[in-house]
Amino acid sequence: MSRLFLVLGMILTFMVSPASAQDPLPAESSKITTDTPLNTGVLRFGIHTSKIGSFDPAYARGSEDYTFADMVYNSLLRYVPGSSSQLEPDIAIKMPEFEIQNNKQIWTIQLRRGIFFHGGPYSPPYELTAEDVVYSLEKAANPLRNPNFGGYTGMKFEILGPHTLEIILEKPMSPLFFFPLIANREGGFIVSKQAIEKGGYDNFKQHPVGTGPFMFSRYTAGDKLVLTANKNYFRGKPQLQGVEIYFIPDNKRREAAYKNGLVDVIYGVGDPGWITKMKTWPDTIVDVFGPGVTGLFHFNTSIKPMDDIRVRQAICLALNRELFLAASSKQLVKKVYAPMSSEFLPGGLANEKIVHLGLVTGTNLEKAKKLLAQAGYAQGFSMDLVTSEKRLYRKSYEILQRQLEKIGITVNLQVMAHSQMHQQIRQNLNAIVLYFTFRPNADAYLRGFFHSDSIVKTGIKPHTNFSHYTKIDKLLDDALKAISPKTQINLWEQAQIRILHDVMVYPLFNINQCTVRRDTVDYGHPLISTLAGYPLFNENTRIKD
């Protein structure tokens, strides 16, 4: 497979107040109970949320969901472990090829033999066939069974034999856009047809069944998720006996759990000085890796007064991007002025170009107040916003809250579990939505956030158009049809210029990922970038003696 465009990265680290190496660590870490001591072949991972959002990979939202799905399921294709700029076959024998028949694009896919689903409470282990793959893809295309069904619209799936299938597209699609749909993200994961049909979907969500290197064992929200090694994994028996995921959203407790030997790997903290401090700890390795995520404040124009461009302009003039950047380690963050960063995807706009076009908003509180007065809000207004428990989100909203207070806008924040926040913002409740994410290509990124089809709740293919923007549909549609990459890039750039001109978002920054591990943990692959939001634990991961 040829190298794909570099993708944007994961929702990742928390940011807390800087702490010196001498800071006392909280006693609460002693409440963490582990099933196994150190160096017994079970890897213990401390993550930054309180629970899993969903065990159905189609509903994966945060890095905690993708971490689970990545270890338990397989896909037709997968991003190369540790290098997410490349794709390779997974369940498929080889990278699929297509032919055009009667103006339809037909992709023929050959499956590996000898891949077995894990055993579950309602289904024994059995060999994966084309029937399971077609079942999974039809589920992905079903709006009632996949919130991101839009990418699979116009696809038909046919079984040609036990290990052969066809995917038929009414409208031909470039491999650049097609391959990510059948890779290890959301609808691309292959689920067990027997487990769902015999046990029912609700039971499947309580005991998920896949074909991956690790199998579901048990789960307690707010405590831990236990996975055991799949000894019959088709790529080889895992070197680990299992993986235990501990839910520790508090940064201090997570750090204490690591220091006290209760976990082997933890999600890092984005605060200035934290990475430097951790590098001084004995037998410890700090991994900073990509691809980074881009953070944007989306202005929801369906909620007053965000429908008034003067209000949106006033908010932008009240914000100081440097304060958001200062809250994170310089080793992780980079300033961004574009809706889509040129650092990650062709078609993104470079900061220099946006400055040249005069589209960068500086801080000007007096001008902001005048604009609010012109819009009829001389006394300001208040709004209720929900934020994730993840520090990256919560800290950014708190900075927003303090800055908007200076121009008379009161922000009431409600902190909730990360998975719950994702549900809330898709119910069109936040007047301003903060979202950190990546997409596999420029079309998926811009279409998902700014095409009218993707408007939350009301769009034809509702996704993440939180701003309810409708003015760049033609630019995005023309770019999708264009054959020339140069033409596509030009159209994507035009679309972003229009987005900034209409003040639909306020770009914050790009931020990379950070994890900390003991030097006895060997991931089994180089760690350059991952799409699942964690370093990737698979059959080659081991704990050295």
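What relative accessibility does Asp223 have, and what does it count as?

Mentor: Asp223 has a relative accessibility of 26% and counts as partly exposed, a class that lies between buried (under 20% relative accessible area) and exposed (over 50%), with a 1.4 Å probe and protein chains only. Before going on, note that this is a predicted model, in which local features need pLDDT of at least 70 and side-chain atom pairs count only at pLDDT 80 or more, while totals for chains, interfaces and linings use all residues. Residues are numbered from 1 along each chain as its sequence is written, and side-chain values use heavy atoms, with hydrogens and water left out.

The partner of Asp223 is Lys224, and the closest N and O atoms of this salt bridge are 3.5 Å apart. A salt bridge here is a side-chain nitrogen of Lys or Arg within 4 Å of a carboxyl oxygen of Asp or Glu. Lys224 is buried, at a relative accessible area of 9%, whereas Asp223 is partly exposed. The count for the model comes to 21 salt bridges by this rule.

Another pair is Asp202 and Lys205, with 3.9 Å from N to O. Both belong to helix α5, residues 201-206, and they are three residues apart, which separates them by about one helical turn. Helices (H or I, at least four residues) and strands (E, at least two) are DSSP runs, numbered from the N terminus. Asp202 is exposed, with a relative accessible area of 54%, and Lys205 is partly exposed at 30%.

In helix α14, Arg447 and Asp443 lie four residues apart, about one turn of the helix. Their side chains meet in a salt bridge of 3.1 Å, N to O. Arg447 is buried at 17% relative accessible area, and Asp443 counts as buried at 8%. A further residue joins this pair: Asp443, Arg447 and Asp477 are linked in a network of salt bridges.

Beyond α14 (442-450), the loop that runs to α15 (473-481) contains Lys457. Phi of Lys457 is near 70°, a positive value in a residue other than glycine. Lys457 is exposed, with a relative accessible area of 53%. Val503 also has a positive phi, about 55°, although it is not a glycine. Val503 is in the loop between α16 (485-501) and β19 (505-518), and it counts as buried at 9% relative accessibility.

In soluble globular proteins, nonpolar side chains tend to be buried together.

Leaving aside neighbours within four places in sequence, Ile432 is in contact (heavy atoms within 4.5 Å) with residues including Phe297, His298, Phe299, Met306 and Ile315. Its contacts also include Met383, Leu385, Tyr397, Leu400 and Leu404.

A cis peptide bond joins Lys304 and Pro305, with omega about 5°. Pro305 lies in the loop between β14 (284-299) and α8 (309-318).

Thr361 counts as partly exposed at 28% relative accessibility. Apart from neighbours within four places in sequence, Thr361 is in contact with Cys316, Leu317 and Arg321. Thr361 and Asn142 are 219 residues apart in sequence, and 42 Å separates them in space, C-alpha to C-alpha.

To return to the request, the pairs looked at here include Lys224 with Asp223, Asp202 with Lys205, and Arg447 with Asp443.
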